[in-house]
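Dear colleague,

I am passing on a structure for you to look through, and below it I have written up what was found. Please keep it open while you read.

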Amino acid sequence: MTEHVWSFKATSGHLAGTDLAGYKVEATDGGIGKVDKHSDEVGDAYLLVDTGVWIFGKEVLLPASTVTRIDPDDKKIFVDRTREQVKNAPEFHRDKHLGDTGYREELGVYYGPDIPFGGRPV
C-alpha cells in the first residue's frame with residue numbers, strides 16, 4: 001500500500017550511490033536540518049535527518065518520495081512538506097524505529113499521496 005513512498009521520484013535528481021550525508025534539507029517553508037544517514041535501497045529509501053535545535057535535537061525519518069529535488073552543487077535536498085508537517089510526523093526514535101515495519105507503515109500512511117497535505121488520516 002505504501003511501498004512507493006519509500007522510493008525516490010524519477011524527477012528528484014537522485015543518483016543511486018550518491019552519498020547524501022551532510023546535505024541540508026529544506027522544507028517548502030525553510031530548513032529542517034541535515035542528513036545524518038540515508039538509504040537508496042529500492043523500495044526502502046529514506047533520509048534520516050538531524051533537526052539540530054529546530055526540534056530540540058530530534059531526528060526525523062523522511063521517506064524518499066518526499067524529495068522533490070537534490071542540488072548536488074549546494075548540497076541541498078528539497079522536500080515537498082512544510083516544517084510543521086515534518087514536525088507533526090509520527091515521532092522517531094532511531095533505536096526503536098529504524099527497522100520497525102509497523103512504524104514504516106505508519107509513516108508511509110502519514111506521508112502517502114492519499115492523505116491531503118501529508119497529514120494523518122481523519
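**The sheet and its neighbours**

V25 has I77 of β6 standing opposite it. The model you have is a predicted one, and in it strand β1 (residues 24-27) runs parallel to strand β6 (residues 76-79), the two being joined by 3 bridges. Both strands belong to an open sheet of 6 strands, in the order β4-β3-β2-β1-β6-β5 and with mixed pairing. At its edges lie β4 (59-63) and β5 (67-71), each of which pairs on one side only. On average, and with direction ignored, neighbouring strands of this sheet are turned by 35° against each other. Helix α3 packs on the sheet, where it touches β3 (46-50) and β4, and its direction makes about 70° with that of β4.

**Aromatic rings**

The structure holds 2 aromatic pairs. In one of them, the ring centres of F92 and Y103 are 5.8 Å apart and the planes stand at 45°, so this pair is tilted. F92 lies in the loop between α1 (83-87) and α2 (94-97), while Y103 is in helix α3 (residues 101-111), so that the pair links distant parts of the chain, 11 residues apart. F92 is buried, at a relative accessible area of 5%, and Y103 is also buried, at 4%. For Y110 and Y111 the ring centres are 4.9 Å apart and the planes are at 90°, so that pair is edge-to-face; both residues are buried.

**Charges over rings**

The charged end of R69 sits over the ring of F78, 4.1 Å from its centre, and that of R104 sits over the ring of W6, at 5.0 Å from the centre.

How values were computed:
Residues are numbered from 1 along each chain as its sequence is written. This is a predicted model: local features need pLDDT of at least 70, side-chain atom pairs count only at pLDDT 80 or more; totals for chains, interfaces and linings use all residues. Side-chain values use heavy atoms; hydrogens and water are left out. Rings of Phe, Tyr and Trp (its six-membered ring) pair if their centres lie within 6.5 Å; planes under 30 degrees apart count as stacked, over 60 as edge-to-face and the rest as tilted. Helices (H or I, at least four residues) and strands (E, at least two) are DSSP runs, numbered from the N terminus. Buried means under 20% relative accessible area, exposed over 50%, partly exposed in between (1.4 Å probe, protein chains only). A charge sits over a ring if NZ of Lys or CZ of Arg is within 6 Å of the ring centre and within 35 degrees of the ring normal. Two strands pair if DSSP finds at least two bridges between them. Axes are lines fitted to C-alpha atoms, for helices over the stretch in contact, and angles run from 0 to 180 degrees between N-to-C directions. Contact means heavy atoms within 4.5 Å.
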